[in-house]
Amino acid sequence: MKTSEFLSVLKQHQNKSLLFEYAPDKLVGANYHITEVKNITIDSVDCGAGTDFWKETVIQLWESPKEKGKRDFMSIYKALAILNKVDRIKPMEQDAEIKFEYSNDDFHTAQLFVNDYTLDDQSLTIKLTVQKTDCKAKETCGIEPTVEVKEGASAGCAPGSGCC
């Protein structure tokens, strides 16, 4: 989801609570805060010597231990106020992919992509997902696009293949 799409959905539902599902049926606690908004520029070289360049918006979510028993989730109205303030200070790239950085005691720190969202009468739930790493230079590395990995086998570039 692009930053502009995310902000548009928020603007359409300001009267609702904003929830984040970081794994199936697991919600970021109601005690979450938006602690940082990052404008990220990636300027990369992949294992096949291909170059790439893109931008991302990364919003960090943090659960406050002081508010552990909190039951009411942040309103979309409040989240928009935070993001609008950030945008005035450091404009967000509207065409950039949006990600959410999150962790808790049971979930490793990860940058999560928006997979979908759901609405009900009271809330907007942003469904997040982890995207697995991938080899961008499959053709250069001689990797078939749909490789099935058998148990015990490695799904990487072979030594001497010119990849990695």
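The model is predicted, so local features are reported only at pLDDT of at least 70 and side-chain atom pairs only at pLDDT 80 or more, while totals for chains, interfaces and linings use all residues. Residues are numbered from 1 along each chain as its sequence is written, and side-chain values use heavy atoms, leaving out hydrogens and water.

**Whole chain.** Begin with a cartoon coloured by secondary structure. The protein has three helices and seven strands, taken as DSSP runs (helices H or I, at least four residues; strands E, at least two) and numbered from the N terminus. Their order from the N terminus is α-β-β-β-β-α-β-β-β-α. Of the 164 residues, 34% are buried; buried means under 20% relative accessible area, exposed over 50%, and partly exposed in between (1.4 Å probe, protein chains only).

**The core.** Next select Phe-6, Leu-10, Leu-18, Phe-20, Ile-59, Leu-61 and Phe-100, the residues with the most contacts inside the largest nonpolar core, which has 31 residues. Such a core is a set of buried Ala, Val, Leu, Ile, Met, Phe, Trp, Tyr and Cys residues joined through side-chain atoms within 4.5 Å. Elements giving two or more residues to this core include α1 (3–12), β1 (17–23), α2 (76–89) and β7 (123–129). In soluble globular proteins, nonpolar side chains tend to be buried together. Centre on Leu-10: beyond residues up to four places away in sequence, Leu-10 touches Leu-18, Ile-76, Leu-80, Leu-83 and Leu-124, a contact being heavy atoms within 4.5 Å.

**Thr-57.** Move to strand β4, where Thr-57 is placed. Is Thr-57 buried or exposed? Thr-57 is buried, with a relative accessible area of 0%. Show the side chain of Thr-3, with which the Thr-57 side chain makes a polar contact at 2.8 Å (a pair of N or O atoms within 3.5 Å; within protein, one able to donate a hydrogen and the other to accept it, with residues adjacent in sequence counting only if both atoms are side-chain atoms).

**Asn-104.** Finish at strand β5 (residues 97–104), which contains Asn-104. Asn-104 is partly exposed, at 21% relative accessible area. Its side chain reaches two backbone nitrogens: that of Asp-106 at 2.7 Å and that of Phe-107 at 2.8 Å.
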